[in-house]
Every structure is written in structure tokens, then in C-alpha cells.
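Work through the two exercises below with the structure in view. Each task is followed by a solution in steps.

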Amino acid sequence: MYTFEDALVVGCMLITMLRYADRVKMACIAHLVNEITPIMTANGGGAWRQTIFYPYLHASLYSRGVVLHTPGNSPRYDSADFSDVPYVESAVVYNEEAGELVCLRG
């Protein structure tokens, strides 16, 4: 069972891929065929969405178009392994067809 923290990790991973979309040509989700799955099922019927399902849903719905390179301005912190880590990750996507400018945050 996944938690809100797991959903944040997945969301930040997707935002990172969007921010580097000019270099990332393909990204695969192996989660659908392994133990790590966004949708669970029970023997004999029933299915439910895990918390990690929703970042994938929102990325699929709202990250269609061109990713804009925008500077982030978030407070930062240091951890045991990394320094200058932003509290907020974000990506901005412009969908000309829909006339939308979307900011995804994690």
C-alpha cells in the first residue's frame, strides 16, 4: 500500500522527466507489470487506485504540449546526501491546441 509520500516521489519523478523532455526521448513505466502497481486488484473482482496512480493521471492529462523552461524560486534545504534541494518541484507546459498554460507541482 502506498502513501502520500510515495505519490510525491512519483510526481517529482514525472516533473523531472518533463523538465528534461528536450533530452529524454522515451520513459517507460514498468510498474504496471511488476509488484509496484498504481492499480490494485483482488481475486474474484474489485479494483482500486493507489496513491501513485494520481500523479500519472495528472501528468497524462495536463502535460500535453511544449515544456517551457522556467526558473524555479523555492526555498531550499540541505539533507544528509544533498544540498540546496528545493521544497517545490515544478514544470510548466504550454498546450497551444487547448490554449492552456499548466504548472505541475510536486
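**Exercise 1.** Decide whether Asn-95 is buried or exposed, then find what surrounds Asn-95.

Step 1. Asn-95 has a relative accessible area of 16%, so this residue is buried (buried means under 20% relative accessible area, exposed over 50%, partly exposed in between, with a 1.4 Å probe and protein chains only).

Step 2. Asn-95 belongs to strand S6 (a strand is a DSSP run of E, at least two residues, and a helix one of H or I, at least four, both numbered from the N terminus).

Step 3. Leaving aside residues up to four places away in sequence, Asn-95 touches Arg-64, Gly-65 and Glu-100 (contact means heavy atoms within 4.5 Å).

Step 4. A polar atom of the Asn-95 side chain lies 3.1 Å from the backbone nitrogen of Ala-98.

The model is predicted: local features need pLDDT of at least 70, side-chain atom pairs count only at pLDDT 80 or more, and totals for chains, interfaces and linings use all residues. Residues are numbered from 1 along each chain as its sequence is written, and side-chain values use heavy atoms, with hydrogens and water left out.

**Exercise 2.** Find which residues of H1 are buried and what they pack against.

Step 1. Helix H1 covers residues 4-19.

Step 2. Its buried residues are Ala-7, Val-10, Gly-11, Leu-14, Ile-15 and Leu-18. They lie on the same side of H1, because their arc around the axis is only 140° (taken from the directions from the helix axis to the C-beta atoms).

Step 3. Glu-5 and Val-9, on the other side of H1, are exposed.

Step 4. The buried residues of H1 pack against helix H2 and strands S3, S6 and S7.

Technical notes. The expected span of a helix is 1.5 Å times one less than its number of residues. A polar contact is a pair of N or O atoms within 3.5 Å; within protein, one must be able to donate a hydrogen and the other to accept it, and residues adjacent in sequence count only if both atoms are side-chain atoms.
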